[in-house]
Amino acid sequence: MLYWDQKKECMPREQLEELQLKRLKETVSRVYSFVPAYKAKMDENGVNPKDIKSLADLKFLPFLTKQDFRDNYPFGLLAVPMRDIVRIQSSSGTTGKPTVTGYTRNDIENWAELMARGLTNAGATSDSVIQIAWGYGLFTGGLGGHYGAEKVGAAVLPASGGNTKRQVMLMHDYGVTMLGCTPSYALVLHEEFLRMGLERSDLRFKSGLFGAEPWSENMRKEIENKWEIDAYDVYGMTELVGPGVATECGCKNGLHIAEDHFIAEIIDPDTGEVLPEGSFGELVITSLTKEALPILRYRTRDLTTINREICSCGRTHARIRKILGRSDDMLIIRGVNVFPSMVESILLQIPGIEPQYQLIVERKNNLDRLEVQVEVSEKIFSDEVKKLEELENTISRELNSGLGIAVKVRLVEPQSITRSEGKAKRIIDKRTI
Ligand code: AMP
Ligand code: ZN
């Protein structure tokens, strides 16, 4: 079992918690002194840096939300002057202004360290040839993966997203051993690989680190079987640093949160109450080492559970379960909560279904209707109509019983659902248009 930094990743919990408390106290006093928006929020909640005496006191601190980023756009949450900032990244939200973050030199160093851990977990060494096919630019994926892979000492191919044919050519010609991109793009690359008629035995491809969007356990199997690789999950977000906040180890049983850099809590998204160990809810993250833009109790909107048992890989850092989805991506259809990842998980158990699907929600006569469009393989699509109808019925039945609501299923031609080079668009909600 390979570790990037065994001492830090396998630190005994007691020692880890001591370190967390020390860093938490420093972070809280720093933001209180240097970020007026944090000071105002803390004063409003009647909490002072001196009140943080133990990790349990974290719950007295106010939450930070996306709205705080909007209210302080672009640089109001920075805790250091611009002369200490060496990088700015931002995330293109679907609505309004982007979410902006900044980094000091140390922040960049720590981020590279986090990604080096993740890539090492997924099998990277200095012998690896790593193709980074997340977008480079203001989006954190590309540069985050790049700096991590360089830190590991691998040979990095800064391919960025897009130009799919060239990506496959690079994988083939340059002996790429590892790939970093969104899980949906890993499948798009595989489709292109098949179209190009290349031989799998000519590739040195062994593993991939995939993230930036939710993907089910069945999607992992699909990627692993199609590419014949090991596929690992990496989680993060612009507000927190970018990818690398949590990454999977060889056990593929949850993503280790880098607990020497972050504290994770799970709350009830409706009441804000902290939930007991093992409960399902919204992930809230506090940063412990960020200098430029420290984060106290950020409501990520991502839904998961936390497990603090020591993993069989030996790492002591807590694990989050694969993210089910975002609370704002959750569709409420006739009172039932539906996540695209639940649909994906059910679909991929049915033979002949491609992992390309879209959820279309409409409101007719005041009633919400969910249509799931699913791509089928070329072979199935050329079958007789009766067989296609049977398949449609089977999928409907599986989705109805799995989700608990009536779903209309429409099989669509191979390649008819738009492919994405970054995050896949799974939902078309016509109710809000
Ligand atoms: P961005 O700031 O644009 O990188 O988007 C961050 C968001 O992408 C997170 O809050 C999650 O909703 C989603 N995300 C990133 N990585 C993962 C992952 N591994 N699994 C599920 N969702 C993810
Ligand atoms: Zn582990």
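The model is predicted: local features need pLDDT of at least 70, side-chain atom pairs count only at pLDDT 80 or more, and totals for chains, interfaces and linings use all residues. Residues are numbered from 1 along each chain as its sequence is written, chains are lettered from A and ligands numbered from 1 in written order, and side-chain values use heavy atoms, without hydrogens and water.

**Exercise 1.** Classify Ser 90 as buried or exposed, and list what Ser 90 touches.

Solution. Locate Ser 90: strand E1 holds this residue. Strands are DSSP runs of at least two residues, helices of at least four, numbered from the N terminus. Next, take the relative accessible area, 13%. Ser 90 is therefore buried (under 20%; exposed is over 50%, partly exposed in between; 1.4 Å probe, protein chains only). Last, the contacts (heavy atoms within 4.5 Å). Leaving out residues up to four places away in sequence, Ser 90 touches Pro 98, Thr 99, Val 100, Leu 138, Phe 139 and Thr 238.

**Exercise 2.** Give the strand order of the open sheet of 4 strands, then its edges.

Solution. The order is E20-E19-E18-E21, with mixed pairing. The edges are E20 (408–412) and E21 (427–429), each pairing on one side only (pairing needs at least two DSSP bridges). Now inspect E18 (residues 353–364): 3 bridges join this strand to E21, and the two run parallel. Val 361 stands opposite Asp 429 in E21.
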